[in-house]
Protein chains: 2
Amino acid sequence: MVVRGAPAIGVTAAYGCCLALREAVEQDDWKSALAENLDKLERARPTAVNLSWAVRLMRALHEELGEVRAQDLAKAWFARAKQLHAEDIETNRRMGAFGAELIEDGDTVMTHCNAGALATAGHGTALGVIYSAVEQGKKIKVIANETRPFLQGARLTAYELHKAGVPVTVACDNACALLMKRGMVQKVVVGADRIAANGDAVNKIGTFGVALLAKHFGIPFYVAAPLSTIDRDTPTGDDIPIEDRTPREVTHVGDTQITPDGVPVYNFAFDPTPAELIHGVITEKGVLREPYGASIKKAFDG
Amino acid sequence: MVVRGAPAIGVTAAYGCCLALREAVEQDDWKSALAENLDKLERARPTAVNLSWAVRLMRALHEELGEVRAQDLAKAWFARAKQLHAEDIETNRRMGAFGAELIEDGDTVMTHCNAGALATAGHGTALGVIYSAVEQGKKIKVIANETRPFLQGARLTAYELHKAGVPVTVACDNACALLMKRGMVQKVVVGADRIAANGDAVNKIGTFGVALLAKHFGIPFYVAAPLSTIDRDTPTGDDIPIEDRTPREVTHVGDTQITPDGVPVYNFAFDPTPAELIHGVITEKGVLREPYGASIKKAFDG
């Protein structure tokens with residue numbers, strides 16, 4: 001959890017492959033050692049698809065090069081990692097431009113978890129959309145859901161928006177329905193850890209509930225994510241494994257214990273939001289719309 | 001916030017009237033001093049109706065007694081406070097018996113906030129229902145939503161159920177939709193701070209969202225509250241004032257600050273759940289059903 005945010009995990013994983021290679025070359029059989037290191041890297045976070053996406057890209061590059069010396073592979077991989085890094089920044093910029101068109105002057109945008117500069121190599125996915133709208137001169141306010149248990153919204157989203165001069169208010173996740181009912185939210189924009197082939201989007205726990213409430217109140221709910229987050233090999237959101245994380249994230253906040261000793265807790269880190277609750281998926285190739293099976297296919301192949 | 005839970009606030013307010021009188025008799029004009037003290041007491045918590053209900057009862061008793069010496073009023077009030085206290089225990093017992101009929105063997109019941117022995121004089125409203133079901137030999141599990149920001153679920157509900165030997169698991173409020181979708185919740189039972197004449201129920205922030213999600217997943221959602229929580233003078237939930245509490249409950253957990261300096265927060269303490277989301281209101285006179293306007297009238301007058 002030192003690196004978090006799906007796109008940041010992808011770029012980091014690419015550099016991670018370079019480090020895995022550097023470690024492997026110190027072994028007698030560097031190819032076997034490398035394969036083992038990559039397997040380990042791939043398993044580090046089961047939900048975010050960008051990790052395995054990056055490792056797969058690097059493996060493919062290795063295959064393309066065929067019989068290659070370790071030092072040449074290292075050179076090729078490092079160049080590719082730098083390229084992915086630059087592409088992530090450019091992708092963020094493009095997503096921001098497409099997404100900003102959906103945000104109106106005066107909107108208050110709710111976001112859940114952190115999908116900003118702290119989760120990507122660039123200025124963010126969901127927050128990139130907000131930054132782009134602000135750059136267009138639109139007056140935007142943001143409600144950052146605090147996002148229990150890890151509090152990415154309270155800690156990271158609030159920090160980066162406040163620092164960027166975008167008006168942001170933190171709300172407990174519990175306030176969502178009341179804020180929506182009172183007309184205090186015009187749009188919801190969130191990131192995603194993995195999007196299935198049918199458009200179901202897995203994101204931080206609580207996103208599914210926010211999407212259902214948004215639907216109830218007729219508030220458009222958007223997911224901002226690069227195409228690298230779309231996993232066409234996974235048919236639906238229910239096929240995406242949900243990471244079950246350490247109880248301590250729930251039982252403690254900092255050093256303060258908030259649950260009694262001996263009481264178990266649930267700590268599912270993500271949930272899948274069904275495609276039918278999503279008004280649009282904001283990608284670097286434009287805003288994908290229902291039916292997502294077709295629009296996703298077109299974005300990749302068309 | 002030293003005393004919390006609507007019924008506990010009611011019983012405490014009755015004893016509080018006795019203390020207000022004791023303080024007033026030290027003034028020259030004890031009747032004016034008393035009137036002032038009672039006004040102050042009444043305004044201490046705007047949302048829970050049991051506070052003003054109890055003060056109103058004591059005022060009515062004073063009027064009945066007419067011209068009365070302070071020491072005689074003190075005697076009458078203390079007797080009445082003890083009676084209300086005993087009645088609250090008996091009311092809890094009756095509500096538990098009616099509510100337990102709604103819970104099936106093997107159910108997992110979700111509850112939000114704390115509506116147990118720590119919120120009433122007796123064994124609780126929502127938790128009283130669970131204790132009664134367990135006493136009937138039903139195997140019940142409970143999911144206690146942690147209930148940000150004040151964490152009454154994580155701290156109080158988990159503590160008292162665990163101590164009573166009822167299996168309880170704490171979940172972040174954000175997990176609600178996923179837990180319901182996975183079939184891990186068969187019933188929701190919560191307490192209430194005030195119920196309007198039309199059946200809308202104001203309870204801890206987040207309850208409205210839980211009720212909307214329960215509706216979506218077809219899970220029965222019940223409110224357990226004594227008739228003293230029903231305020232027939234307030235037409236709908238939207239007419240009930242929502243307490244806006246100190247930001248520190250959101251910005252800090254214990255001594256740990258979780259939001260950046262300078263970022264504002266929302267801390268609405270309650271939200272109204274519309275009557276149409278409520279399957280039944282469990283009272284000491286039975287389970288009230290839609291249409292609530294009529295069933296509430298009957299419970300009081302019939």
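Tutor: B:Leu151 is buried, with 5% relative accessibility. Buried means under 20% relative accessible area, exposed means over 50%, and partly exposed lies in between (1.4 Å probe, protein chains only). This is a predicted model: local features need pLDDT of at least 70, side-chain atom pairs count only at pLDDT 80 or more, and totals for chains, interfaces and linings use all residues. Residues are numbered from 1 along each chain as its sequence is written, chains are lettered from A and ligands numbered from 1 in the order in which they are written, and side-chain values use heavy atoms, leaving out hydrogens and water.

Now place the residue. B:Leu151 sits in the loop between β2 and α6 of chain B. Helices (H or I, at least four residues) and strands (E, at least two) are DSSP runs, numbered from the N terminus. In chain B, β2 covers 141-145 and α6 covers 152-163.

Next, the backbone. Most residues other than glycine have a negative phi, and most peptide bonds are trans. B:Leu151 is not a glycine, yet its phi is positive, about 60°. B:Thr147 is in this loop too. B:Thr147 is not a glycine either, and its phi is positive, about 70°. At 0% relative accessibility, B:Thr147 is buried.

Turn to chain A. There, A:Pro149 lies in the loop between β2 (141-145) and α6 (152-163). The peptide bond from A:Arg148 to A:Pro149 is cis. Its omega is near 5°.
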